Amino acid sequence: MIEAHALSKRYGERAAVTDLSFTVRPGVVTGFLGPNGAGKSTTMRMILGLDAPTSGSVTVNGKAYARHRAPLHEVGAMLEARAIHTGRTAYNHLLALAATTGIPQRRVDEVIEIVGLREAARKRVGGFSLGMGQRLGIASALLGDPATLVLDEPVNGLDPEGILWIRNLLKDLAAQGRTVLLSSHLMSEMSLTAEHLIVIGRGRLIADTSVAEFVRGAAGGSVRVRTEEADRLRTLLAGPDVSVASAERSVLEVSGLTSDRIGRIAADAGIALAELTPQLASLEEAFMELTRDAVEFQAPAREPALAKEGQAA
Amino acid sequence: MSTITAEPVTSTAPAAPRGQVTQARVLRSEWIKMRTLRSTFWTLAAALIALIGLGALFCTFTASRWASFNPHERADFEPTLTSLRGYFLAQLAIGVLGVLMITGEYATGMIRATLAAVPTRLPVLWAKAGLYAAVVWVVATVGSLIAFLLGQGILSSKHIGTSLSAPGVARVVFGAGLYLTVVGLLGVAIGALIRNTAGGIATVFGLLLVVPVLFEALPSSWANHVNQWLPSNAGQSLVTLHHQAHTLSPWTGFTVFLLYGLVALAGAAYLLKRRDA
């Protein structure tokens, strides 16, 4: 269980995190989502006591992280995969970390086995691929067999097989009753791994909800209608808050009306429908919709940019 | 690298006994870190080679030229210091490695893993400083002894050597090891204060080598009072056989040098506790 209360962090003039409150519960994978620069890593560093909050507080299992006598057993963390001295072998890196709380060598061999690094364990980390570095980061998070895991962008740099592996690993860990918090800026990944979402943008909380709820609640929500009498239906549906687009002759994309209402109107007019499908916004779209105002660096809208290029040429 | 199915992570019962972080455990962890980096061996080897090799070289040179030395040169000749001259170069290697003990972790990001494992932080600094000082003391003391014995062996061919039992000689030989130990300590402390390899190294050697030269420029009425208190000048009075004017007495000087190291370490501890990692 991770609880943040009115957490804020300023670096000089810049506010990295502002008044952030959330709870990460055990038993489910919680996704920590936000565009780059939204304050995810800062928040995670505060959870681990690496950065001190400017105001507010965050506790892990009821205590500030630094107050735990055996921190590696409370929280396993992977903060950016490369928090590892490149001159040391993977095995020795884990051995040194394990020694801080007297974790035996046997457990080091175990976690190396779990993350599938046996062959590379005696090689120096400097020569590791990004994916191997991620696996080593996860191995160090698992060392103390902790009840809480905090992973910053764990799928970055993994190949598809590795992504599938970590997805299953995290779900298993959550199913065992652990608290799992992982950050990502990739929505699509989150929809497959996480059940709960905490979304932040520019250091502020945007949403704290289940993944299903998040998609449902997001804007969009148009209805796809297919019928031979598309033109007639279109006139019947017309209204002040309704917009109807049509990509094909027999297909309408209707926004502003529920599928129930459209079905009723069509039935009343005796129009046969071949298809009536509420379109769920994808997680990606929902996320972009929510964070549009909260991205720190935004590309200029495309058309003016193109126009400028045209002028230059 | 091909475990697609995630194995249950906690298949085994409580895999790790729920041990607490203790200073002894952090010491053990830092010892593992220190001995598993190649740079530790190479840098300490470089320090030993400088210490022993240069001493042997100067002694050989002196012995072979002794016949052509004029009386003035013969009067100035000091067998103990000639055989230990290499400590001046060895301090470079030891200072650099001291800085790297800390900044190597900042440069690679390892420091965040370290401080997450030991969130009270100070045990890490004590362990690094204590371990490194102990290792340097052993290496530098053994190195100084070898350099001295080897050098005197070479000089004895011309009957111009000395022995450990001569007045002040043992103090100088062991003093070289102590001086280098504090250089190492200062390196660790400054590394922790600056947190950047280039900046840390520049600061250590600015303090030890450049500052004394700059202060030479002071009018002698000031320099005579001030310069003996500068870190390396104070420390090197332990590695001087005959007391000279305007220098501190050997053990006073060494105590002053040690205090510089401890104050820097205290400053590093204060900032380590306060700063974001």
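These legends walk you through several close-up views of a predicted model.

Residues are numbered from 1 along each chain as its sequence is written, while chains are lettered from A and ligands numbered from 1 in the order in which they are written. In this predicted model, local features need pLDDT of at least 70, side-chain atom pairs count only at pLDDT 80 or more, and totals for chains, interfaces and linings use all residues; side-chain values use heavy atoms, with hydrogens and water left out.

**View 1. Chain A as a whole.** Welcome to chain A, whose secondary structure comes to 12 helices and 13 strands. Helices (H or I, at least four residues) and strands (E, at least two) are DSSP runs, numbered from the N terminus. Of the 313 residues in chain A, 52% are buried; buried means under 20% relative accessible area, exposed over 50%, and partly exposed in between, with a 1.4 Å probe and protein chains only. Contact means heavy atoms within 4.5 Å. Among contacts in chain A between residues at least 6 apart in sequence, 69% join residues at least 24 apart.

**View 2. S184(A) and its neighbour E153(A).** Look for S184(A) in strand 7 (residues 179–184) of chain A. S184(A) is buried, at 1% relative accessibility. Leaving aside residues up to four places away in sequence, S184(A) touches F32(A), L33(A), G34(A), K40(A), E153(A) and M190(A). E153(A) sits in the loop between strand 6 (148–152) and helix 6 (160–175) of chain A, and is buried at 13% relative accessibility. Most residues other than glycine have a negative phi. The phi of E153(A), however, is positive, near 50°.

**View 3. A6(A), another positive phi.** A6(A) belongs to strand 1 (residues 2–11) of chain A. Its phi is near 45°, a positive value in a residue other than glycine. With a relative accessible area of 31%, A6(A) is partly exposed.

**View 4. L237(A) in helix 9.** Here you can find L237(A) in helix 9 (residues 230–237) of chain A. L237(A) is buried, with a relative accessible area of 3%. Not counting residues up to four places away in sequence, L237(A) touches V242(A), V254(A), L257(A), I262(A) and I265(A). L237(A) and I200(A) are 37 residues apart in sequence, and their C-alpha atoms are 38 Å apart in space.

**View 5. Helix 1 crossing helix 7 in chain B.** The axes of helix 1 (residues 23–35) and helix 7 (residues 122–155) of chain B come within 9 Å and cross at roughly 55°. That makes the two helices oblique to each other. Axes are lines fitted to C-alpha atoms, for helices over the stretch in contact, and angles run from 0 to 180 degrees between N-to-C directions. Angles under 35 degrees count as roughly parallel, over 145 as roughly antiparallel, 65 to 115 as roughly perpendicular and the rest as oblique. Among the residues of helix 1 that meet helix 7 in chain B are V26(B), L27(B) and W31(B); on the helix 7 side, they include W126(B), L131(B) and Y132(B).

**View 6. Helix 5 of chain B and its kink.** Helix 5 (residues 87–108) of chain B has a kink of about 45°, centred on M101(B). The bend at a residue is the angle between axes fitted to the seven residues ending there and the seven starting there. In helix 5 of chain B, 16 of the 22 residues are buried, so the helix is largely enclosed by the rest of the structure. Just after helix 5 of chain B comes G109(B), with a positive phi of about 90°.
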